[in-house]
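Let us walk through this protein together, starting with the whole fold and then stopping at a few residues. Please have a look at the model first.

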Amino acid sequence: MRLTLFPSIVPILAITTFTLLQGCDGSNQTASSTETKAAKEPNIIIYMVDDMGYGSVNCYGADPELVQTPHIDGLAEMGMSFINASTTASVCSPTRYTMLTGRYSWRTHLKAGVVNTNDPLLINPERTTIASWLQEKGYETAHFGKWHLGYFQKQFKNLLGDITPGPNDIGFDYHFGVPNNMDDIHKVYIENNGIYGLRSDRISNYGISFYGKQYTGYDAPQRNEPEVMPDITSRAAKWIQERDGLKPFFLYFASVSVHHPIMPSAKNFGSSKAGAYGDFIHDTDESVGEIIKALKEKGELENTIFIFTSDNGGDIPTKAPKIMPENQAIEAGLKINGDWRGDKHEIYEGGLRVPLIVSYPKVVQPGTKTSAFATTADLFATVAGMLGTDDLPETVAPDSISFSHVLSDPDAASKRVHGVFRNAPGQQALRFGKWKLIDSQLPNGTELTLELYDLEADPGETKNLSEDESDVVRQGQELLATIRKGPGSRDVPLP
């Protein structure tokens with residue numbers, strides 16, 4: 001079955017259902033929930049983990065003696081695993097911006113770093129997001145978990161008052177979020193356009209966060225870090241179960257694990273042989289399992305496109321490494337980023353390569369793998385392709401390239417022939433063909449070493465070929481300049 005044909009079968013199913021529902025006397029009978037669901041378009045879930053590296057789940061190589069990820073592995077068994085997938089940045093906010101908009105984050109003012117605690121909304125409310133695009137197509141939309149894309153129109157002192165613009169203004173019917181990270185200074189949840197459970201406008205600073213800053217001290221329920229994952233997961237599962245089934249839904253679930261501070265739930269504390277970090281991976285896997293369970297109980301699993309990925313590679317702290325849970329997990333033998341060089345914040349593949357699993361039983365053959373090149377920028381165009389829209393307008397998701405054709409044919413060639421990536425300081429890299437060119441200039445003008453790697457011959461990025469391959473360097477620089485100048489890169493060919 002070709003994905004692009006899916007919408008065309010809806011009218012046929014509707015006619016067939018109507019015919020079957022007529023009794024022998026020609027009278028109409030009430031449609032069953034199963035028949036009603038068969039006539040609507042698929043639900044869509046994007047589950048994005050925070051800082052989960054390529055090698056942190058069993059189906060991507062994690063040692064099952066150290067951690068167990070049966071639910072994530074179950075998704076892979078139901079669907080397709082991408083072994084050549086990358087995020088578009090090695091830090092949080094840029095990836096989330098690009099995933100939702102299909103547009104590189106460095107096309108905004110955010111050339112380096114991330115959205116800080118009191119920064120405004122990074123996404124222009126006038127810009128089409130995957131949520132607003134699906135909303136216009138009749139989808140119910142919701143976001144649960146980490147947001148990290150800002151609120152309001154300008155820098156703010158606190159989150160009191162009507163929070164707008166925010167997620168509700170860019171396509172989400174419902175938002176229940178953690179503003180930045182699990183241990184950010186706000187220490188509250190945001191529900192739609194206000195602080196969840198706010199009792200008054202009083203603020204009383206207290207306590208010190210993991211990042212060394214005082215919590216804001218809103219007069220509202222304060223988040224309990226070890227319970228954040230179970231809390232947001234149960235709320236998301238309940239949201240799924242409460243749908244009436246008359247409309248398809250889009251759920252963007254953004255896990256707070258496995259970003260530090262590493263604070264696993266009481267249920268999973270001590271459950272792994274990789275320490276607290278492994279326990280936190282177990283929280284993630286259990287969360288995926290709860291979402292799948294809700295889909296099964298609702299009878300929606302077969303009709304749901306479930307996309308699982310991460311915002312960047314795993315973090316390997318360099319400060320006090322002996323006491324950091326991530327380092328302890330590595331010491332136990334867990335290769336959180338697989339065999340790739342580097343980690344979160346860096347421009348090397350360890351910070352960029354991520355798991356990417358797509359399950360959709362109606363189309364994707366179970367247990368398949370593909371080496372097709374894909375990025376988290378491509379989720380927007382891919383979802384559009386799966387719903388029958390192969391050609392998005394130039395202004396919509398301009399850097400997103402659909403891999404929907406790969407889902408029905410794992411051996412198909414990727415339509416993505418290049419990709420631009422950035423690290424925490426804003427340094428950019430270009431992948432084109434087998435080559436990876438790492439630009440030498442930071443946005444602030446600092447000059448670094450120009451690097452060129454042959455990822456086919458040297459996936460570990462050990463030999464810089466920039467001085468030996470001057471023609472390749474020139475081609476890469478010209479291509480990168482072209483992509484930077486344009487409003488998008490979807491139709492930019494290789495040189």
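How many helices and strands does the protein have? There are 12 helices and 18 strands, where helices (H or I, at least four residues) and strands (E, at least two) are DSSP runs numbered from the N terminus. Because the radius of gyration is 23 Å, close to the 23 Å that the globule rule gives for 495 residues, the protein is as compact as a globular protein of that length. That radius is taken over C-alpha atoms, and the globule rule is 2.2 Å times the number of residues to the power 0.38.

Before going further, a word on the ground rules: this is a predicted model, in which local features need pLDDT of at least 70 and side-chain atom pairs count only at pLDDT 80 or more, while totals for chains, interfaces and linings use all residues. Residues are numbered from 1 along each chain as its sequence is written, and side-chain values use heavy atoms, with hydrogens and water left out.

Now for the overall picture. The C-alpha trace spans about 80 × 60 × 50 Å along its principal axes. Of the 495 residues, 59% are buried; buried means under 20% relative accessible area, exposed over 50%, and partly exposed in between (1.4 Å probe, protein chains only). Among contacts with a separation of 6 or more, 70% link residues 24 or more positions apart, a contact being heavy atoms within 4.5 Å. The accessible surface comes to about 19700 Å², and carbon and sulfur atoms account for 51% of it; the areas come from the Shrake-Rupley method with a 1.4 Å probe, and for residues only the protein chains shown count as cover. As for charge, the mean positions of the 45 positive and 62 negative charges are 3 Å apart. Here Lys and Arg count as positive and Asp and Glu as negative, without His and the chain ends, and each charge is placed at NZ of Lys, CZ of Arg, CG of Asp or CD of Glu.

With that in mind, where does Glu 225 lie? Look in the loop between strand 9 (214–215) and helix 6 (228–241). Glu 225 has a relative accessible area of 8%, so it is buried. Leaving aside neighbours within four places in sequence, Glu 225 is in contact with Met 182, Asp 183, Lys 187, Tyr 215 and Met 263. With one of these, Lys 187, the Glu 225 side chain makes a side-chain polar contact at 3.0 Å. A polar contact is a pair of N or O atoms within 3.5 Å; within protein, one must be able to donate a hydrogen and the other to accept it, and residues adjacent in sequence count only if both atoms are side-chain atoms.

Finally, which peptide bonds are worth a glance? The one from Thr 164 to Pro 165 is cis, with omega near 0°, and Pro 165 lies in the loop between strand 4 (140–146) and strand 5 (174–178). Another cis bond joins Ser 257 and Val 258, with omega about 5°.
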